[in-house]
Amino acid sequence: MDDKIVVKTVVKVSTVSIISNIILSLLKLIAGIVGRSMAMLSDAIHSLSDVFSTIIVIIGVKMSKKEEDRDHQYGHDRMESLASLALGAILFLTGALLLYEGIKKTYAGEDISTPGTVALIAAVVSIVTKEGMYWYTKIAADKIHSDALRADAWHHRSDALSSIGSLIGVAGAMLGVKILDPVMAGVIGLVIIKVSYDIVKEAVDKMVDKACDDETVRAMEELVLNVEGVEGLDLIKTRMFGTKMYVDIEISADGNLLLKQSHEIAEAVHDNIEKQFADVKHCTVHVNPAGYEHKKLP
């Protein structure tokens, strides 16, 4: 997909996200204060963190789509992974703060106020809005293959989960179980920490040259072996480079072929891989004479 379309899509989706989160943050903040709900105030902080994380997404994606230059001859794709790492860090800090405050409030022995109806209404509005934003952002992320935007989608989903926690906490407190409000604030924090771990793990995998998943590699192997003139697949190595994949392949062909013929077979393999797998940024193909002994990867 054209990089300009990718950036345009990210900016469009992120703008909607920023506006929605600012409105929701203010709504939750007012509801938390007026309704005297710690869980709702915690939820408001979470929504506010979404604004900053979305700005990071825009910056990260724009930087990752910059053209190759003299100092970055393989491009800037890993910048998007850096943006995902930053998102994960923000989520972790947010979750840790909410968890701490929830535990502190629960065990401090302080008088816990009973939340008002406005906090309950705000929680329902937030759940519906954030779940809608999750699907809106995820669909766009899948369309343009953007990890940072996908991480932002999960940020929306975690906010929806937070709001469910707020709803339970507020409803429970209104029914007389006041301790449920700060308890759910802590649970919200744990959920956010788990989401942050998943985002960071995926980002790190794509920055340390982790191989592609087995299903993708098997599909590549089948594609290579179906190319006319290929007598065997001696080696296939893959690595993630940000949101893109790099592939190194060694094939076997008749040793008596002319150089031009061997080159045509290699080109066919190269073109098929890059055509069938949109996330492959570059594929290198080496041709060995049939019968060549090559050390296999473990």
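Guide: Tyrosine 134 has 3% relative accessibility, so this residue counts as buried (under 20% relative accessible area; exposed is over 50%, partly exposed in between, with a 1.4 Å probe and protein chains only). This is a predicted model: local features need pLDDT of at least 70, side-chain atom pairs count only at pLDDT 80 or more, and totals for chains, interfaces and linings use all residues. Residues are numbered from 1 along each chain as its sequence is written, and side-chain values use heavy atoms, with hydrogens and water left out.

Visitor: What kind of pair do the rings of tyrosine 134 and tryptophan 135 form?
Guide: A ring pair is described by the distance of the centres and the angle of the planes. Rings of Phe, Tyr and Trp (its six-membered ring) pair if their centres lie within 6.5 Å; planes under 30 degrees apart are stacked, over 60 edge-to-face, the rest tilted. Here the centres are 5.1 Å apart and the planes stand at 75°, so the pair is edge-to-face.

Visitor: Is tryptophan 135 buried, exposed or partly exposed?
Guide: The relative accessibility of tryptophan 135 is 44%. That makes tryptophan 135 partly exposed.

Visitor: How many aromatic pairs does the structure hold?
Guide: Another pair joins phenylalanine 241 and tyrosine 246, with centres 5.3 Å apart and planes at 65°, so it is edge-to-face. Both phenylalanine 241 and tyrosine 246 are buried. The number of aromatic pairs is two.

Visitor: Which residues does isoleucine 273 touch?
Guide: Contact means heavy atoms within 4.5 Å. Residues up to four places away in sequence are not counted. Isoleucine 273 then touches Met220, Leu223, Val224, Ile249, Val280 and Cys283.

Visitor: In which sense do S2 and S3 pair?
Guide: Strands pair if DSSP finds at least two bridges between them. S2 (residues 244-253) and S3 (residues 280-289) share nine bridges. Glutamate 250 stands opposite histidine 286 in S3. The sense of the S2 and S3 pairing is parallel.

Visitor: What is the hand of the β-α-β crossover from S2 to S3?
Guide: The chain passes through helix H8 (residues 259-276) on its way. A crossover is right-handed if, with the strands pointing away from the viewer, the path from the first strand over the helix to the second runs clockwise. This one is right-handed.

Visitor: How many disulfides does the structure hold?
Guide: A disulfide needs two cysteine sulfur atoms within 2.5 Å. For cysteine 212, the nearest cysteine sulfur is that of cysteine 283, 11 Å away. Cysteine 212 is buried at 8% relative accessible area, and cysteine 283 is buried at 2%. The number of disulfides is zero.

Note on methods:
Helices (H or I, at least four residues) and strands (E, at least two) are DSSP runs, numbered from the N terminus.
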